[in-house]
Amino acid sequence: MTTTARAKELRRVAENMVTYAKNGDLHNRRLAARVVRERAAVVKLFEILGPRYKDRPGGYTRVMKLGQARRGDSSDMSFIEFVDREGELRSAKPVQASRKPSLDSVKEELLEELD
């Protein structure tokens, strides 16, 4: 649990780290190691989280706002978590297919119209 502003900023960093882990090569491992200083965390990132989100095009984290403000300064509080994992607070929405038609389908339609 953290403030909403910190959770939103952490989401940017976490999404970039998972994107590095999805690629999985040495260069991306070194880029991630510049931000994540613990060796065990980098290993977990590349061996567990990278393969888990290999087919997901983005949106690896979720920020859920709490209904209560912090007592001392009334800051909005939030939870941040990875989606598609065991024990998550709320299940993830399924990945939506792109709404734009693919280039191949457009080509096929044009060829059918010409024939």
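Student: What span should the 12 residues of helix H4 have, and how far apart are its end C-alpha atoms?

Tutor: This is a predicted model. At 1.5 Å a residue, helix H4 (residues 103-114) should span 16 Å, and its end C-alpha atoms lie 17 Å apart, which agrees.

Student: How many of the 12 residues of H4 are buried?

Tutor: Buried means under 20% relative accessible area. In H4 the number of buried residues is zero, so this helix lies largely in the open.

Student: What does the span of helix H3 show?

Tutor: H3 covers residues 39-52, 14 residues, and reaches 19 Å from its first C-alpha to its last, close to the 20 Å expected. H3 also has a kink of about 35 degrees, centred on Leu 45.

Student: Which residues of H3 are buried, and what do they pack against?

Tutor: The general idea is that an α-helix has 3.6 residues a turn, so residues three or four places apart point the same way. In H3 the buried residues are Val 42, Leu 45, Phe 46, Leu 49 and Gly 50. They pack against H1, helix H2 (26-35) and E3.

Student: Why does Leu 49 count as buried?

Tutor: Leu 49 has 8% relative accessibility, and therefore counts as buried. Leaving aside neighbours within four places in sequence, Leu 49 is in contact with Lys 44 and Phe 82. Leu 49 and Ala 21 are 28 residues apart in sequence, while their C-alpha atoms are 7.1 Å apart in space.

Student: Which residues make up the largest nonpolar core?

Tutor: That core has 11 residues, including Met 17, Ala 21, Ala 32, Leu 49, Tyr 53, Tyr 60 and Val 83. Its largest share, four residues, comes from H3. As for Ala 32, its contacts are Met 17, Tyr 20, Leu 45 and Phe 46, not counting residues up to four places away in sequence.

Student: In what order do the strands of the sheet lie?

Tutor: Strands of a sheet pair through backbone hydrogen bonds, either parallel or antiparallel. Here three strands form an open sheet in the order E1-E3-E2, with antiparallel pairing. Strands E1 (2-3) and E2 (61-69) are the edges, each pairing on one side only. Helix H1 (residues 4-23) packs on the sheet and touches E1, E2 and E3, and its direction makes about 15 degrees with that of E3.

Student: How many bridges join E2 to strand E3?

Tutor: Six bridges join E2 to E3 (residues 76-82), and the two strands run antiparallel. Ala 69, for example, has Asp 76 in E3 as its bridge partner.

Terms used: Residues numbered from 1 in each chain as written. Predicted model: local features only at pLDDT ≥ 70, side-chain atom pairs only at ≥ 80, totals over all residues. Heavy atoms only, no water. Pairing = 2+ DSSP bridges. Contact = heavy atoms within 4.5 Å. Axes fitted to C-alpha atoms, helices over the stretch in contact; angles between N-to-C directions. Expected span 1.5 Å × (residues − 1). Bend = angle between axes of the 7 residues up to and from the residue. Buried < 20%, exposed > 50% of the residue type's maximum accessible area, 1.4 Å probe, protein only. Core = buried A, V, L, I, M, F, W, Y, C linked by side-chain atoms within 4.5 Å.
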